[in-house]
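I opened my notebook beside the viewer today and went through the model piece by piece. Here is what I looked up, in the order I did it.

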Amino acid sequence: MLPLTSRRSDPPWGLLVGLLALLLCVADARAEDGYDVWMRYVHADPARLDGYRVRLGDVVAPDATQTQRAARDELRRGLTGFLGTAPRLHVAPPAARALLIGTPESSPWILPFRQEIEGLGEEGFLLREVRIDGRDALVIAAHRDIGVLYGVFHLLRLLQTGTSLDGLHVREAPRIKLRVLNHWDNLDRYVERGYAGRSLWDWQTLPDWEDPRYTDYARANASIGINGAVLNNVNADALSLSPRYLRKAVALADLFRPYGIRVYLSARFSAPIELGGLATADPRDPGVQRWWREKADEIYALIPDFGGFLVKANSEGQPGPQDYGRTHAEGANLLADAVRPHGGVVMWRAFVYAHEVPEDRAKQAYNEFVGLDGNFHDNVLVQVKNGPVDFQPREPFHPLFGAMPRTPLMMEFQITKEYLGFATHLVYLGPLYEEVLRADTHARGSGSTVARVIEGSLEGHALSGIAGVANIGDDRTWSGSHFDQANWYAFGRLAWNPHQSARDIATDWVAMTFSRAPDVVASVVGMMMGSREAAVDYMTPLGLHHLMARGHHYGPGPWVDGGPRADWTSVYYHRANRHGVGFDRTSRGSGSVSQYAPPVARTFDDIGQVPENLLLWFHRVPWQHRMGSGRPLWNELVHRYTRGVSYVEAMQATWDGLRGRVDAPRHQHVAAFLRIQRDEAQWWRDASVAYFQSINGLALPADEAPPPHPLAYYQALQSPYAPGDGR
Ligand code: BDP
């Protein structure tokens, strides 16, 4: 034991120990506010440090282009944090061991790897241990600077997750070409379905003020391989295409370019009228065609690598080609022809459901698009939401996947959690994405997964894409919560390779974001992996869907009825009455099952075969129906609601146990959000149980607690200022 007080002649031990403790704290007391996302670059584990220093202390990297400098900067930043000392950056090899990075053009040291990088494409890279002149070295080699940058981020990920570099040999190339974030950001910085503050893009001060955050945004995206950003909302304002706003977009494009990110814009189909003063936006009108051509020329003169347009047309009141009796294909081709000379693409959304049609909404996109297969020009991608209704906690995969073999179909996932508890609920979406990507469409026999459709391998499309509706805003955490960063991260990783495992991705993310300690990683990954199923349980179990409160979708609203459209109500989707519950989409009902390939259709059509987690999506089922557990449907439903709440409580307990293992500021933040989530899960459970019980008049199972309030109490709750919907 060291003395707490010291005699004059002794060294002041107490003070020294105190100072040391303080120093350690200071070293540890980084501003852990989430800003650094998964790129915190904390110090290496001491056991590995010497080995790493030898290998990474000297870096040979070209610095002639912006992307090369971005790679050097990232290595400097990452390795300084990681090794505790800045690496020595050279343009020629030093006598010591070295990390050599570059392309055959940018560095003579990479020339010998020319053969080895063949087949890696424009964005791939090789990262491996080699011996050069009898010395060990690490090499990152690629055809293009951007591949080198991706390799640098890959190396930094390996370091952050504590991976050994011995015998390292990685060859990576993205399997999907366009890996794009869709920002639903308005020009007034309001983010539709955004729960992370205001838009990152400060249109008022752009292009003059280049907020450093724009570069950090690009770094984070590049670190996971995202290579495109649609800057503005799909419910687009034509002004985004005006010269004034284009100049602002130029500033962002210039900042993103070194990181391999192209800028895209959502285009309002009626822009020729609103901006151009034309009388029509009819795709067959030569004046309209000229207007779009000239607009594209204008944009490309400013942004030579502009990605292209994203379009929401004839959907939820947006203008479109059908206003002129033309098809979606004619509309898409109009814009595609305008950007084609410049190498641009059009991402045309299939999220459509007609205004007056009382047809099952889940069928409408397929009905409108499938007959157009083959009519789209070759620089058009049709962008399809993961499920046929709208980003619900669980949906079957969209029947268009596999049904339009001649058209490149893009996936649209929602990263922002419009229907999954906003930013406050801890819901890791990796398992949702994985479930959809691994679903088998049977379009060309078994193994025709959605992943293979969208990566283009199933039908041999060169063009392929995936979009994620961003969950990013100006909140310090970027995503509105610490755990929602994981959804941004998982989207990027799966966009790069849609065959990866959600669990592996979560494991990397936790190690980089919170701690490398194996027990912490295991606990947090465990929480995350069941969190999506828990949300399904406490919101919409067994295939129920779209039961959220009207408009803002915050909290339960299974009673929502009336209003302008039947398919914006809950009762339309659950169809509960005294006898049963569920939407009959079988061949005896709306027939939506017939939109799937026969083996899939047969499975969904048959109440004995349909997965229980989609039961009420496809079938209308009596309350007494015997479930796999042996319970009647009603009891099973209540059981699942309760189980969802219990899962959140279990997450709270696990997280409590991590106090002291995760830095205090983030620990407290997450703990508070888990309390909100628990209360809201309980709210969902109680309101839903009270509602369905009022419909079926059945007693609660004996072991289930009755909702503490009568149904009217839940129905009367209002949330007028819920974020994301309205101003
Ligand atoms: C729904 C959202 C709405 C979007 C629409 C879309 O509620 O805000 O505009 O999707 O994707 O999920 O176009």
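How do the residues of the shell around the ligand divide into nonpolar, polar and charged? I found four nonpolar, two polar and eight charged. For the classes I took Ala, Val, Leu, Ile, Met, Phe, Trp, Tyr, Cys and Pro as nonpolar, Asp, Glu, Lys and Arg as charged, and the others, Gly among them, as polar.

A note on what I am looking at: this is a predicted model, where local features need pLDDT of at least 70, side-chain atom pairs count only at pLDDT 80 or more, and totals for chains, interfaces and linings use all residues. Residues are numbered from 1 along each chain as its sequence is written, and side-chain values use heavy atoms, with hydrogens and water left out.

**Ligand site**

I listed 14 residues around the ligand, and E192, K312, R349, D390 and E418 come nearest; a residue is near if one of its heavy atoms lies within 4 Å. Next I looked up polar contacts (pairs of N or O atoms within 3.5 Å). The side chains of K312 and R349 each place an N or O atom 2.6 Å from a ligand oxygen. For R193, the side-chain N or O atom is 2.9 Å from an oxygen of the ligand. The protein buries 97% of the 320 Å² that the ligand exposes when taken alone (accessible areas by Shrake-Rupley, 1.4 Å probe).

**Open sheet**

I then traced an open sheet of six strands, in the order 2-1-3-5-4-6 and with mixed pairing. Strands here are DSSP E runs of at least two residues, helices are H or I runs of at least four, and both are numbered from the N terminus; two strands pair if DSSP finds at least two bridges between them. Strand 2 (88-90) and strand 6 (169-172) stand at the edges with a single partner each, so one side of each has no neighbour in the sheet. From one strand to the next, the twist averages 25°.

Strand 4 (125-132) and strand 5 (135-141) pair antiparallel over seven bridges, and V130 stands opposite A137. Helix 4 (145-160) packs on this sheet, touching strands 3, 4, 5 and 6 (heavy atoms within 4.5 Å). The direction of helix 4 makes about 75° with that of strand 4 (axes fitted to C-alpha atoms, for helices over the stretch in contact; angles from 0 to 180 degrees between N-to-C directions).

Eight strands form a closed barrel, 7-8-9-10-11-12-13-14, with parallel pairing. Neighbouring strands there are turned by 25° on average, direction ignored. Strand 10 (308-311) and strand 11 (345-349) run parallel, joined by four bridges, and G308 stands opposite V345.

Finally, I checked the loop between strand 7 (178-182) and helix 5 (212-223), where P207 lies. A cis peptide bond joins L206 and P207, with omega about 0°. R189 is in that loop too, and its phi is near 75°, a positive value in a residue other than glycine.

Technical notes. A polar contact is a pair of N or O atoms within 3.5 Å; within protein, one must be able to donate a hydrogen and the other to accept it, and residues adjacent in sequence count only if both atoms are side-chain atoms.
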